[in-house]
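Hi everyone, thanks for making time this morning. Let me put the model up on the screen, and then we can walk through it together.

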Amino acid sequence: MSETPVDWDSLTFSITETDNMYIAKTAIDEPWAPGNMLPYGNITISPAAGVINYGQGLFEGLKAYRTAAGRVVLFRPEENARRMQRGADRLKMPPVPESIFIDAVEQCVQQNSRWIPPMGKGALYVRPLLNGSGAVLGVAPAPEYTFMVYVTPVGPYFKGGMNCIDLLISDEHHRAAPGGSGGVKAIGNYAPGMMPSKKAKSKGFAEVIYLDAEHHKYIEEVGAANFFCYKEGILYTPELTGTILPGITRDSLIQLARKMGVEVVETKVSHELAMSADEAFCCGTAAVISPIGSITLGENKATYSDGNTPGELTIKLYNALTNIQNEIDEDVLGWVHPVPGI
Ligand code: PLP
Ligand code: COI
């Protein structure tokens, strides 16, 4: 059980089957009880399950890191638990208590510890899922819910890690609209992005930047990551208006930048502002911080620096964030959550 068929030096953001996964189930009006660890494998589900008929499902994403202190830690997992609870409210599912969420994540990391990459080579990506697994024919909440967690070792989300990426602003498609589900990690938010993303990739871009659906003017997000730009000493990021996912990395970087003395403004970020900025990057658990080399909108292309060199603040924030996650710097903000017993 100790060997893994993984080449730690060539990890990508892709699925590797690991040893064990967690499953808990509850009926619609019953309280959640702790679930069980089972061998990783396929699940069976009713063809009439709410999740596969009507998209009643949420997912989360967080990482376990091997650190310089010789421990294995999670980064702010309570925030993932709370975001899943807000999503559950929105999709009319019973929220999983934070204690059950954290216990499930810890057990999955503990029971798959041989899959945690060495420090600096990647991380163990933890994927909690909550969905309506009970059969239902009318459009209504399912009678039964399943909370699962699986893990897989991952490397960088965008090719090359800290290499600059080229992004395309979509003038045709939107990710979310006011009053919709863009502010939670609903599974249904992601498939509509696949066609625009594939199209952008076929033209050589790494991902799409979405504009707001009302004015078609303000930047919302980059596929599955939040957006920042830095102009004349001010760091801008789109304000949370309900259509943008409140990223935990986004929140962490706002706090770290303010601690460095950088002015951070959460506001509407027009594509003009973004395209005239000095630096730009996107961020998320999977993406970490990915510096942006250029943004294209129609015939216009804005290139940051020479298009290949991450900006100074981008690098500073990357180091500040990853040095906390790797326990190189002191965790003064109390963000690191050690996983006991490994
Ligand atoms: N935006 C979207 C749409 C996402 O799916 C994610 C990933 O979770 C993020 C932003 C970044 O959020 P976080 O930093 O919590 O991973
Ligand atoms: C994450 O950053 O954890 C995500 O969920 C993004 C993604 C792979 C959909």
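Predicted model: local features only at pLDDT ≥ 70, side-chain atom pairs only at ≥ 80, totals over all residues.

Ligand 2 sits in the largest pocket. By pocket I mean an open set of points on a 1 Å grid over the protein atoms alone, where a 1.4 Å probe fits and there is protein on both sides within 12 Å along at least five of seven lines; a molecule sits in a pocket if more than half of its atoms lie within 2 Å of its grid points.

Residues are numbered from 1 along each chain as its sequence is written, chains are lettered from A and ligands numbered from 1 in the order in which they are written, and side-chain values use heavy atoms, with hydrogens and water left out.

So, which residues surround ligand 2? They are F13, F59, G61, Y125, R127, Y157, K185, A224, T285 and A286, where being near takes a heavy atom within 4 Å. Six of them are nonpolar, two polar and two charged; here Ala, Val, Leu, Ile, Met, Phe, Trp, Tyr, Cys and Pro count as nonpolar, Asp, Glu, Lys and Arg as charged, and the others, Gly among them, as polar.

Now the polar contacts, meaning pairs of N or O atoms within 3.5 Å. The side chain of Y125 places an N or O atom 2.6 Å from an oxygen of ligand 2. For K185, a polar side-chain atom is 2.8 Å from a ligand 2 oxygen, and A286 uses a backbone N or O atom, also at 2.8 Å. On its own ligand 2 exposes 280 Å², and the protein buries 89% of that, by the Shrake-Rupley method with a 1.4 Å probe.

Let's turn to ligand 1. Its shell has 15 residues, and K185, Y190, E221, T249 and T285 come nearest. Polar side-chain atoms of K185 and T249 each lie 2.6 Å from a ligand 1 oxygen, and for Y190 the distance is 2.5 Å.

Finally, the overall size: the C-alpha trace spans about 55 × 50 × 35 Å along its principal axes. Thanks, happy to take questions!

Key: Polar contact = N/O pair within 3.5 Å; in protein donor to acceptor, adjacent residues only side chain to side chain. 1 Å grid on protein atoms, 1.4 Å probe; cavity = no way out; pocket = protein on both sides within 12 Å on 5 of 7 lines; lining within 4 Å.
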